[in-house]
Amino acid sequence: MTRILRNVLFAITSLGALLATFYLVDPEAVALSLRSIHWHGILIATLLVLANNYFSLLRFRSVLRTFGFRPSWHSLFFSHSVGQVSNQILFNVIGQSLSRAAVLASNGVPYSISILATYLERAQAAAILLLLSLGGLCYLFINVHFDFLPATQYMASMAAALFITVLVVALTALRSARLLQNLPGQMRGVLRLWPSLLLTLAAHGCMLAAYLSLLWGLGISPFDSRVMAALFIVMFTASLPISFSGWGIREFSAAQALGVIGISESVAVASAVAVGLIGLLVMLLTLVCSGMLLLHWRIPARGPPPSIAPMHLNWSGAALAASATLCAILLFFQVRIPLQDVELTGNLADIIALTGLGLAPIALWIHRNALPAPSVLIAGLLAISVLLIFSLLHGYTSFGWTRWAFVNRGLGWLIILGYAATGLSIALSGKAQYRNTVLGTFVATGTTLAVLQIALLIASLFGVSIPRDVFALPLQAYAGNPNAFAVQMSITTAAAVAAQHLGLFDRWKYMLPSILSVLSLAIYYSHSRAGIGMLGIVLACMLIFPGHLPRRQLISAILLPPLTIAVFSFLYDQIYGYMLTENSFVTLMLAVDMTRDSGDLERWRSIIDGWQMWLQHPVFGKGLGAYIEQHLNITGRALIIHSVPVWLLAETGLLGFGVVAVFFLALLRHAHTGLSQPNSGWSLGLLILLLSFAAGNLVHDFFFQRNFWFLLGLLIAIPAVAAAPGNTLPSKVI
């Protein structure tokens with residue numbers, strides 16, 4: 001059943017991306033461009049794709065040799081060809097690894113080693129492409145757009161904050177969990193893979209040259225560094241295991257990335273389609289050749305060296321923990337690129353989340369005997385996915401296709417699924433140390449950003465001139481806006497409470513009160529009334545649901561945050577009053593209060609309009625994107641409904657509201673049931689997270705907040721851990 005759902009998801013992703021591509025680009029223009037490719041370009045591209053396959057074969061052989069296995073060339077060639085077929089049209093990386101393992105088993109290579117070698121090979125390719133695509137992205141923004149100074153200031157400050165955060169995480173969560181003790185040995189093991197890394201670079205170079213030859217065949221010349229930078233982005237997105245061999249995603253990203261540098265979208269899509277077709281042709285050719293070789297040569301069996309033992313559980317668990325830990329850090333950092341007329345935003349953790357969405361079934365399969373997956377989360381996410389697809393189609397039939405609904409609600413939900421899958425995968429891995437480390441990293445990251453923002457606030461208060469692209473009031477750090485930052489800090493408070501009840505703070509008695517106090521200050525000076533309300537709910541839940549701790553142990557953590565806000569606000573007002581007459585710049589910088597007259601009118605207007613829209617379409621709503629489309633037609637500006645329940649009613653009707661409401665109530669019941677478990681900190685954190693987040697969504701649209709879904713996946717599976725041996729003892733991570 002899991003495989004069927006996964007393949008359905010891949011099919012939906014590929015089909016949806018293809019539809020979006022041909023919605024933006026005329027299919028007839030793409031077909032005309034395909035017919036105009038010069039045969040010289042096609043021939044060279046075919047040879048280069050063949051070379052890419054050959055280098056990937058050598059890379060797989062090199063990884064196997066690292067583990068001490070040397071299968072015959074015949075079996076290696078056949079297993080690689082069968083794996084390519086599985087990767088192209090069947091089960092992506094899972095089918096590729098299993099089919100390779102089945103062929104190589106007759107040559108003496110254990111299943112575990114074949115699977116591990118495939119994952120490691122794919123991880124190498126993805127990691128190098130990730131670095132190349134990030135470099136290409138930075139290069140394009142530096143060389144294509146002109147608003148360079150604000151972008152540089154923001155990116156430099158974000159890089160500095162990210163460095164400090166990583167350092168704090170290393171000194172707290174990672175060091176306390178003793179994950180850095182074996183770092184020298186792990187680095188030596190990585191260095192043994194250098195031949196496969198060189199082969200990976202050669203394979204990527206061949207694929208890049210294949211794209212360039214097709215563009216040359218389409219009349220695009222001469223080439224410059226901007227074209228190669230854009231193609232690196234296309235190659236990386238096509239390699240993500242979230243579709244059928246990159247179909248749809250490759251074409252969509254080609255239209256976007258190559259379009260930025262002035263290449264016609266039809267030409268860009270035609271080159272991407274040609275690469276995909278050539279890849280299919282080469283795959284069939286190699287499969288036929290390998291089958292013919294297999295008929296003529298018998299594969300000799302070779303036994304594995306006695307010193308080699310299956311290691312895939314340790315390697316896969318460590319890789320999963322590393323990805324989840326990195327995700328827990330990066331999801332706090334929204335990359336903001338100010339351009340000439342607009343501002344682009346994104347999150348580097350989205351890449352990990354999308355990769356996690358594709359690799360989550362692998363982790364669930366490997367650890368299928370460790371812990372049971374929470375059916376309430378899986379069923380709920382599936383139900384919401386079906387609901388959003390239905391509402392997109394319903395909107396299309398009602399008022400036409402809207403790009404905002406497809407990108408923000410459609411593809412945005414795909415990314416959210418990735419965050420939930422990444423958190424859930426580490427939760428189900430069966431390793432308490434890994435789960436605790438990811439939770440500690442989440443808390444350490446949010447707390448570090450809060451400390452940095454308060455420090456900058458104090459520096460500004462005393463007259464230090466800081467560019468507004470680096471710091472400004474209301475506080476927003478790198479979340480994109482003050483309300484989003486306040487939600488990040490509120491979610492971090494729920495994670496901190498869970499960490500306290502799980503014993504992650506060890507004997508540090510005042511760690512939780514200190515963390516909550518800093519987070520409370522950050523929320524208060526974000527000037528988000530919703531954030532302050534969410535903080536109040538967190539503190540109230542701590543008092544109502546003390547878990548297995550005596551309430552007297554939590555009194556300081558409950559009382560210290562509001563006391564800290566009161567004292568700091570008093571000092572702030574005194575200093576601000578003095579600076580009011582001394583420094584006009586600081587006065588302008590800090591003269592922000594919580595009044596939102598225009599914002600309140602806009603918020604209530606959207607809620608009233610959304611309610612009226614629901615009354616007109618009570619059962620199925622008007623369709624995703626209906627309100628923005630309506631507001632754009634009337635005012636020329638985009639506006640969302642500032643209430644998730646009203647948004648659901650207006651655009652998905654009673655059907656959508658009921659699906660989400662039942663899902664939320666089922667999550668609450670699941671969390672409340674887990675409070676009776678010995679290891680109830682996870683359930684308590686989940687309960688606090690759900691209640692505070694639901695309250696904020698009454699007056700805002702926080703439904704697509706990355707932090708919430710990642711932490712939801714991390715917390716929800718934990719109540720079942722209590723019965724598993726070896727998982728009842730907490731490990732200190734902060």
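Helices (H or I, at least four residues) and strands (E, at least two) are DSSP runs, numbered from the N terminus. This is a predicted model, in which local features need pLDDT of at least 70 and side-chain atom pairs count only at pLDDT 80 or more, while totals for chains, interfaces and linings use all residues. Residues are numbered from 1 along each chain as its sequence is written, and side-chain values use heavy atoms, with hydrogens and water left out.

**View 1**
D609 forms a salt bridge with R605, with 2.9 Å between the closest N and O atoms. A salt bridge here is a side-chain nitrogen of Lys or Arg within 4 Å of a carboxyl oxygen of Asp or Glu. D609 is buried, at a relative accessible area of 16%, whereas R605 is partly exposed, at 41%. For these words, buried means under 20% relative accessible area, exposed over 50%, and partly exposed in between (1.4 Å probe, protein chains only).

**View 2. R706 joins up with D350 and Q334.**
Which residue forms a salt bridge with R706? The partner is D350, and the closest N and O atoms are 2.8 Å apart. R706 lies in helix α27 (residues 706–716) and D350 in helix α14 (residues 349–366), so the pair ties together parts that are 356 residues apart in sequence. Both R706 and D350 are buried. The side chain of R706 also makes a polar contact, at 3.4 Å, with the side chain of Q334. A polar contact is a pair of N or O atoms within 3.5 Å; within protein, one must be able to donate a hydrogen and the other to accept it, and residues adjacent in sequence count only if both atoms are side-chain atoms. Q334 is found in strand β1 (residues 334–338) and is buried, with a relative accessible area of 12%.

**View 3. A salt bridge joins D701 and R409.**
The side chains of these two residues meet at 2.7 Å, N to O. D701 sits in the loop between α26 (681–697) and α27, and R409 in helix α16 (residues 403–427), so this pair links distant parts of the chain, 292 residues apart. D701 is buried, with a relative accessible area of 16%, and R409 is buried as well, at 6%.

**View 4. T492 sits in helix α18.**
Is T492 buried or exposed? With 0% relative accessibility, T492 counts as buried. Helix α18 covers residues 482–501. A polar atom of the T492 side chain lies 2.7 Å from the backbone oxygen of Q488. Leaving aside neighbours within four places in sequence, T492 is in contact (heavy atoms within 4.5 Å) with residues including F332, F442 and L519.

**View 5. Helix α17 is mostly covered.**
How many residues does α17 have? This helix (residues 432–461) has 30 residues and reaches 43 Å from its first C-alpha to its last, close to the 44 Å expected at 1.5 Å a residue. That expected span is 1.5 Å times one less than the number of residues. Of the 30 residues, 23 are buried. Just after α17, look for G463, which takes a positive phi of about 100°.
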